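Visitor: I'd like a close look at one part of this model. Could you walk me through the place where the two chains meet?

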Amino acid sequence: NAGVTQTPKFQVLKTGQSMTLQCAQDMNHEYMSWYRQDPGMGLRLIHYSVGAGITDQGEVPNGYNVSRSTTEDFPLRLLSAAPSQTSVYFCASSYSGHGRILNTEAFFGQGTRLTVV
Amino acid sequence: SQQGEEDPQALSIQEGENATMNCSYKTSINNLQWYRQNSGRGLVHLILIRSNEREKHSGRLRVTLDTSKKSSSLLITASRAADTASYFCATDAGSNFGNEKLTFGTGTRLTIIP
């Protein structure tokens, strides 16, 4: 199993450009989420999904869109990049089973380092 | 605002010593998790403790949970250079079924001095 795969690993964007950060998992996990990590801020939740076709907002959703058309993929779209979106982005997935989704560990991708100039 | 806050923000100890870091959270939880992050890498799960548990062990790791004080501690015994990393607590506080969120603290940066 590859686990959680994020692409690209590095990206530089100009202000106003749009792009999609890809996230794929091969563990058949229902729960997937996106975080951003900034120095001194820990990880902040952007969007999450409890299953295909279902998404919801986290703590810092503004400027980002998500969709979940398949169990495996959970792309994150930056609509119009701003310097404030310079960050490291992490995708994570968890198995939910029949109980509470957060009773199991989250698996993380290796991150995408995004710079907006 | 962050749900979890780790203390201290940074910790440096000699190899072989024990390292203790603490996590405080604000609202009731169902479980609390600890993760490790090596520089430039993704997070790796270490241990999960449920709200009805008070202590849990995994190898050199010992986690305690005090729900009355809304706090948890992570103890790493006999530290090694490879333990140098950032450590984060995460909780499901504020979640309800169909609205699950895993919220992370700001982390403790642990440095093991050889």
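Visitor: What is the area buried between chain A and chain B, and what percentage of that area do carbon and sulfur atoms give?

Guide: Before the numbers, some ground rules. This is a predicted model, where local features need pLDDT of at least 70 and side-chain atom pairs count only at pLDDT 80 or more, while totals for chains, interfaces and linings use all residues; side-chain values use heavy atoms, with hydrogens and water left out. Residues are numbered from 1 along each chain as its sequence is written, and chains are lettered from A and ligands numbered from 1 in the order in which they are written.

Now the interface. About 2,100 Å² is buried between chain A and chain B, and carbon and sulfur atoms give 49% of that. Buried area here is the accessible area (1.4 Å probe) that two parts lose on being put together, summed over both. Chain A puts 26 residues into the contact and chain B puts in 27, with contact meaning heavy atoms within 4.5 Å.

As for polar links, 4 residue pairs are in polar contact between chain A and chain B, both residues at pLDDT 80 or more. That term takes a pair of N or O atoms within 3.5 Å; within protein, one must be able to donate a hydrogen and the other to accept it, and residues adjacent in sequence count only if both atoms are side-chain atoms. Salt bridges across this interface come to 0, going by a side-chain nitrogen of Lys or Arg within 4 Å of a carboxyl oxygen of Asp or Glu.

So which elements are involved on the chain A side? β4 (31-38), β5 (42-51), β6 (54-57) and β10 (106-108) of chain A each supply at least two residues of the side that touches chain B. β5(A) gives the most, with 6 residues. By class, that side of chain A has 12 nonpolar, 9 polar and 5 charged residues. Here Ala, Val, Leu, Ile, Met, Phe, Trp, Tyr, Cys and Pro count as nonpolar, Asp, Glu, Lys and Arg as charged, and the others, Gly among them, as polar.

Those strands belong to a chain with 0 helices and 11 strands. Both are DSSP runs numbered from the N terminus: H or I of at least four residues for helices, E of at least two for strands. Along its principal axes, the C-alpha trace of chain A spans about 45 × 30 × 25 Å. Within chain A, residues 24 or more positions apart account for 54% of the contacts with a separation of 6 or more.
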